[in-house]
Each structure stands twice: as C-alpha cells, then as structure tokens.
Amino acid sequence: TLKDEFDHVVKKQKLASSRTIDLVNQIEKEIEQAIGAIQENGTDRDAASNLNHEILTNLKNTLKELVPVKQLESCQKEMNTALGKWVKTTEKFFINDISKAYKNVDMEPHVLNEIIANHLYREALFDIGDNFLGEASCLASIKLKQLFQEMYEIFGALRTEKSEPALSWAMKNHDALLQNDSCLELKLHQLQFVEILKQGKRDEALQYARTYLAPFATIHKDVIQKLIASILWAGRLDQSPYTEFLVPTNWEKLAEEFAQQFCNLKGQSSTGPMGMTVAAGAEVLPILLKLMTVLTAKREWHSMKEFPFPLDLRRDFQFHSVFICPVLREQGSDDNPPMLLPCGHVLSKQSTVKLSKSSSRSFKCPYCPFEALASECKRLYI
C-alpha cells in the first residue's frame, strides 16, 4: 500500500513537471516569435510603432488563451492532493512515538560519546568526529582515529587502482595474513603483474613473477599457472583466455577484502558495531512495539531479562552459534551452558542436573541408549 501511494506521488510529480516544462517552453516560443517580428519591422517609426503594438496585443491575447497561471495552479493542486494522501497513508503505518520500546539502561554519557565518535571515525568522518568530541568535551582514542585514517588512505588508493600502499602494508603483515589463510598479498601482486602485462612489458612481467609470485607457487599453484601462461598474451590480454584478470570490479572487491583483513589484524570488527546495533534495533522495532502494547499494563517490560518468545534476526545479524536445549527448549547461557555427553549428544547443564537427580546418579541419554554421569559431561563454548 505504501509503495502504491508513493508511486502515485512520483507519477503526479513527473506529470506536473512535464506539463510545467511544456508550458514554459510554449510561452518562451511565443515571446521569441514576437521579439523576432518586432526586430523585422522597418525603419518607419510610426508604422513600426503600430506594428509593434499589434504584435504585443496578439502576444497578450495568446498568453491569455494559454492561461499559464491557472494551468500551473492546477498541476500544483493535483500534486498537493497526492502528497496529502501519502502523508495520511504513512501516518497509518508508522508510529510516531517509538520511545515505548526502549528500556532504561545505565550508561555513562562519556562512554556513549566515545562510541559515537569511534563510529564516526570508522565511517571516515574524521572532521565530524573531531568536532563532536570537542562539543561533547570528551576524549576518544587517538590511536583508533589514526588506525582508520591509515586504512581509508590505503582503501582509497585501491579504489583508484593504485596497489602500492596496500602492497607495502600486506608485505609488512605477511606472516599474520598467512596465519589467517588470506590470499590478499597474492591478489595484490596479481593486480600489479596484470598492469605490467597490459603495457606489453613481457620481460618485466616475468621478472616480477619470479620475485613476487614464485613464493606462492606451492600454495596457489592453479592461480600461478594461469598468471604465468598469460605472459604469452602481453599487450593483448583482452584477447586472451585470461580476461578474468581484467574485470574492473576486481579492484573494488580487493579494496573490500583489504578493509576486512586490516580490521581483523587490528582487532576491530569489519562492520561498525554502532551501525550494526542500530540496524538490528530497527529490524526488531515493530515487534518490540507490538510487545509493548501487551505488556504496558502489566509493567513487565523494564523487569524482563529476556523475551518471552524467540526473536529471529537475519543472518546478517548473527555472529555466534546459538544453542537451544532439545529437552528444556531453552536457549543456552553462561549460567546454563551446553554440555557434551560422552555419547556425543548435547544437552543444557540444567537438563543434565535434572536427569541425573542433582548429579547423584547416572542417567540415560534422551537420544540413545548410552548412560553417563554428570561429571563426565564437558562444557561447550560457542
């Protein structure tokens, strides 16, 4: 319904714009014709004056027939009607007061200010972050700002197809990238190698391969073989079977991969925690508002520690495994962690305690004939 109403507004706007432009063009055309006719008049002042008067009178009558003001008012009226209907429709679907859905959480103002400033730095809004901290009289981590300044400097260079800064960074962090099973350094050398080939410098490309690609040959044999074979097509790589190396999006993808690896090595999440939190909150806000309509009278909202029903978010917002006890149907927590039975099945700690009569006797696994003691169960960390 909202989309239909919005599309209707867009249609009216386009129609009003088109009518207005046509009307203005028509008026402009009539005026230009009148000016041209006046300029063509002879030198006889009296005759020219009479003709000019006649031309202007005809122009005036023509503009009256067009009635531009009324036509424009009509277009605007239709536009305003559509906009008014759109506003009423959105008011039906959107709740103005969403403050009911929040809970009072004790948080120091300076901590919140630091979180906001760090988010601004993470989004490369360095000037805004500095101004915010100045107005909030708060000190955030200068190291974090410098960290993201370095990242965005290299990130920006990659997006403009300059690999040198990223290559320098990757070579300095060679061992750490290998431990993370990252191919970032090889991909950067690959882009540099392809740029040399595009210029037709076959010998220089071969020398570059021997120096920088050879160390990756044992791990990434297939990629290295393709790169070496592409030397035969130096200067005409676009006509070769290896056009995959020329795809323009390769630089963009590599820039994104660099940002992820950079954050990973620096102990930062690849996505901003504050932005992710706000996005997740917006996702569940309608559900929370519905819940509040039920719990407002009972005053249970502010005392609740968990939701009385499962609240599923998209995979974009899932960062950890979730365990639900198959016996008690409760989600695992620090107080009630998942426990691995000797048979390989997993139950919650409370389940094992209840089944073993408070750890005093052995119990049978609910899913197989195997018996176990509570002391034999091992806690799982997920």
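Patches are made of residues with over 30% relative accessible area and no salt bridge, and nonpolar side chains (Val, Leu, Ile, Met, Phe, Trp, Tyr) are joined within 5 Å, like charges within 9 Å. A salt bridge here is a side-chain nitrogen of Lys or Arg within 4 Å of a carboxyl oxygen of Asp or Glu. This is a predicted model, where local features need pLDDT of at least 70 and side-chain atom pairs count only at pLDDT 80 or more, while totals for chains, interfaces and linings use all residues. Residues are numbered from 1 along each chain as its sequence is written, and side-chain values use heavy atoms, with hydrogens and water left out.

**View 1. A nonpolar patch on the surface takes in Met107, Val111, Leu112 and Ile115.** Ile115 sits in helix H4, residues 109-122 (helices are DSSP runs of H or I, at least four residues, and strands are E runs of at least two, numbered from the N terminus). With a relative accessible area of 36%, Ile115 is partly exposed (between buried, under 20%, and exposed, over 50%; 1.4 Å probe, protein chains only).

**View 2. Here's Ile196, part of helix H9, residues 184-198.** Ile196 counts as buried because its relative accessibility is 9%. Beyond its neighbours within four places in sequence, Ile196 is in contact with Lys201, Glu204, Ala205 and Tyr208 (heavy atoms within 4.5 Å). Tyr208 is twelve residues from Ile196 in sequence, and their C-alpha atoms are 8.9 Å apart.

Definitions and conventions:
Areas by Shrake-Rupley, 256 points an atom, 1.4 Å probe, with all protein chains shown as cover.
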